[in-house]
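Thanks for coming, everyone. I'll take a few minutes on one model, with the structure up on the screen. Please look at it first.

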Amino acid sequence: MILEVKNLQKVYGDKTVVNIDDLQIVAGETVGLVGNNGAGKTTFFRMLLDLIRPTQGEVLSKGENVMHNGDWKNYTASFLDEGFLIDYLTPEEYFIFIGSLHNMSVADVSAYLTQYSEFFNGEILNSGKYIRDFSKGNQVKVGIAAALMQKPEILILDEPFANLDPTTQIRLKNLLKAQAGNMTTFISSHDLNHVTDVCHRIILVEKGRIIKDFKTDENTLQELESYFSA
Amino acid sequence: MLSTFLSHQRKSFWRSRNKGGSIATQIIIGFFMLYFLVIAVGVGFGMTIFLPKIFPNQNVMTSFNGIILYYFAFDFLMRLQLQDIPTLSIIPYLHLKISKRKIINFLNAKALFSAFNVWPLFLFFPFIFLKIGAVEGPLVALMYVIAILSIMVFNNYFVLYLKRKSITNILFTLIGLAIVGTFAALEYYKVISIMAASNFVFSQMTTRPYLGLIFPGVAAAMFVINSNYLRRNLYVEEMGAKQEKKVSTDYPFLNRFGKAGELAALELKLILRHKRPRYSVIMGAIFLLYGFLFYKAPYIASDSFAKMIFAAIFMTGFSILSYGQFMFAWQSSHFDGLLINKIDFKDYIKGKFLLFTIICTIVTILASFYAFLSPKLLLLHLAAYLYNIGFCTVLVLYLATFNYKRIDITRSASFNFQGMGATQWILMIPFVLLPYLIYLPFGYLNRPYLGLMAIGFFGLVMLAMRSYWINYIAKKLELKRYKIAEGFRE
């Protein structure tokens, strides 16, 4: 069990935003989190990443509470929003900085980045811009590439497909599928097509609760569509 | 249409998210304005008295005529630094069915609402009405009024024009100041005289009032040039500052400090690439002149360090204080990113200490030019330096853990009070008092050098305890991380 969530709750005022009794994720799974706005997806991810304090309960990463020490940071990479980017750096500086945190040399980083030239579509590297000057889609690309560069065992992405152009969406799907099995991936998405395509397991949340948790098969997309159109 | 725009402006102010903050800012700016306005009125009415005292050997009229061009030269330079281009506010209207002419009119009208367009009125008009009107008659006085207003309008739109063409930066202002300074020096040594030129221009107007009509002509021309430029370039991306190619940089010097060095380099880039933090550090360099106020020859001769220690500590530590008061909040936009990455809190705090030490060392080295007053001052500075890097850094970083207010660093620097809170003021108290408390007993015993040594020793002890403080503050930060991150997310 690489990730375990036990009795996790987050309450703002009198509103319970996240309320998950039990969730277990096995190493190598690709899990999709699906739910309408306000279902508590981002809050849940933030608690997984120890960015907000749960009102109750705990998140265990490899059996250790993420609040107690930062060991999970060694093998967990994530991109939730632009707040994760240091936007006054050039992309190169950002990659080198993130690489340095994982003891990668400048040469390691540039070697790694060469394989992403297709993903970047020639717009990211050597562009002579700071990250803040990029379009949102390109910022997302920088964030995802930086997350993957850390060769994480757990990858957490919040709505990675939003803001990306169609070509990049397909490339990202291929990237994620290629990693399946080696890496535990946890993504949220509003795009039912993509999420059923990439993920082996879908978790459906509504008002902070898990209301469905199932393995994907050929009927999953239809099931989800009928749920959301109801 | 103009009134609709203005009412939207008003709403955007009253309904802004951080209304409290912006009102407080406006009030403080209001006080500043009032203060300067009172001065302007005082000077304006007092001009008949001041002018003969300052320039005893010449006619009052000659002096008055002489200072007009000087005033507007400074006005021009001040505007270059401080006057904002009113642009962003029009973006929502550009795609609507509103003619460009109206939008431009709005921009032009809005640009006139500036304190720079109020001061000259109070500064010059009293003299014009009281003296010139009485001596030369109402027609000449009227022409003076027209001339002053015209030069003001000219400056207003000329500065905006320059800013829109993005051919302005701090360097130009400094060069401009140097030029004006040179002219003043030339004036002083009687090589050439702007005053005489200024006097010539305006005294011509006294004899031939119709010549005064040239001024509104020039102002109108500037207004038209500016409006035409706007009309041709009414595109959002072209109205802001031009983008230059950004390059990646690396500070090999910092690499030897490991992860802490990486983090310090990161923050150094933050300072260099944003106006507001850059400004707060540069202020430290400006405060280097503070010593000239406090380091008086008799104090130095009698070793009265008690009277000078404040200046020394303030000068060498101001950068730490002015940058450090908003500590962690500078990084509020990517604080989440720092938390989820593999960054040890200890390294993070170490990086801050490193950065502070570097800045403080540079400032102290710069301050050693005071040695020409007396080499004793170097000892004083050394004590102040040790105090600052030993104690002030710890104090600033400790208080930083109580700061939960987000700062948007991309916003402009001048008169920006966003993120100010009680902490910033509390910070000042121990910073100022402690060195006195340490020095005082030695001062009474008339052992000034022992007093300096005590302050320096205190700094050294704190410095020796640095790893303890790093652990302590890192723990604090770790405990408060949720609260800080939450505040920064808003």
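**Notes on a two-chain model**

Asn103(A) counts as exposed, with 9 C-beta neighbours inside 10 Å. Here is the scale: 20 or more other C-beta atoms within 10 Å of a residue's own is buried, 12 or fewer is exposed, in between is partly exposed, and C-beta atoms are placed from the backbone. Before I go on, the ground rules. This is a predicted model, where local features need pLDDT of at least 70, side-chain atom pairs count only at pLDDT 80 or more, and totals for chains, interfaces and linings use all residues. Residues are numbered from 1 along each chain as its sequence is written, while chains are lettered from A and ligands numbered from 1 in the order in which they are written.

Back to Asn103(A). Its phi is positive, about 55 degrees, although it is not a glycine. It sits in the loop between H2 and helix H3 (106–114) of chain A. Helices (H or I, at least four residues) and strands (E, at least two) are DSSP runs, numbered from the N terminus.

Lys62(A) is another non-glycine with a positive phi, about 50 degrees. Its loop runs between E4 and E5 of chain A.

Four strands of chain A make an open, antiparallel sheet, in the order E2-E1-E4-E5. Strands E2 (15–25) and E5 (64–65) of chain A are the edges, each pairing on one side only. Pairing needs at least two DSSP bridges between two strands. Strand E1 (residues 3–12) of chain A pairs with E2(A) over nine bridges, antiparallel. Within that pair, Leu8(A) has Ile20(A) as its bridge partner.

Helix H1 (residues 41–48) of chain A lies across E1, E2 and strand E4 (56–61) of chain A, at about 55 degrees to E2(A). For that angle, axes are lines fitted to C-alpha atoms, for helices over the stretch in contact, and angles run from 0 to 180 degrees between N-to-C directions. Contact means C-beta atoms, placed from the backbone, within 7 Å.

Further along comes a hairpin. E9(A) and E10(A) have two residues between them, and Lys207(A) in the turn has a positive phi of about 50 degrees. Strand E9 (residues 201–206) and strand E10 (residues 209–215) of chain A pair over six bridges, antiparallel. Glu206(A) faces Arg209(A) in E10(A).

Next, the interface. 26 residues of chain A are in contact with 23 residues of chain B. Helix H2 (residues 91–101) of chain A gives the largest share of the chain A side, six residues.

Chain B itself has 23 helices and zero strands. Of its 490 residues, 32% count as buried.

Last, the cores. What is a nonpolar core? A set of buried Ala, Val, Leu, Ile, Met, Phe, Trp, Tyr and Cys residues joined through C-beta atoms within 7 Å. The largest one has 129 residues, and Tyr94(A) and Leu380(B) have the most contacts inside it. Helix H20 (residues 376–400) of chain B gives the most, 15 residues. Leaving out residues up to four places away in sequence, Leu380(B) touches Phe305(B), Met308(B), Ile309(B), Ala312(B) and Leu452(B). Another core, of 32 residues, lies apart from it, with Phe127(B) and Phe202(B) among them.

That's the tour.

How values were computed:
Contact = placed C-beta atoms within 7 Å.
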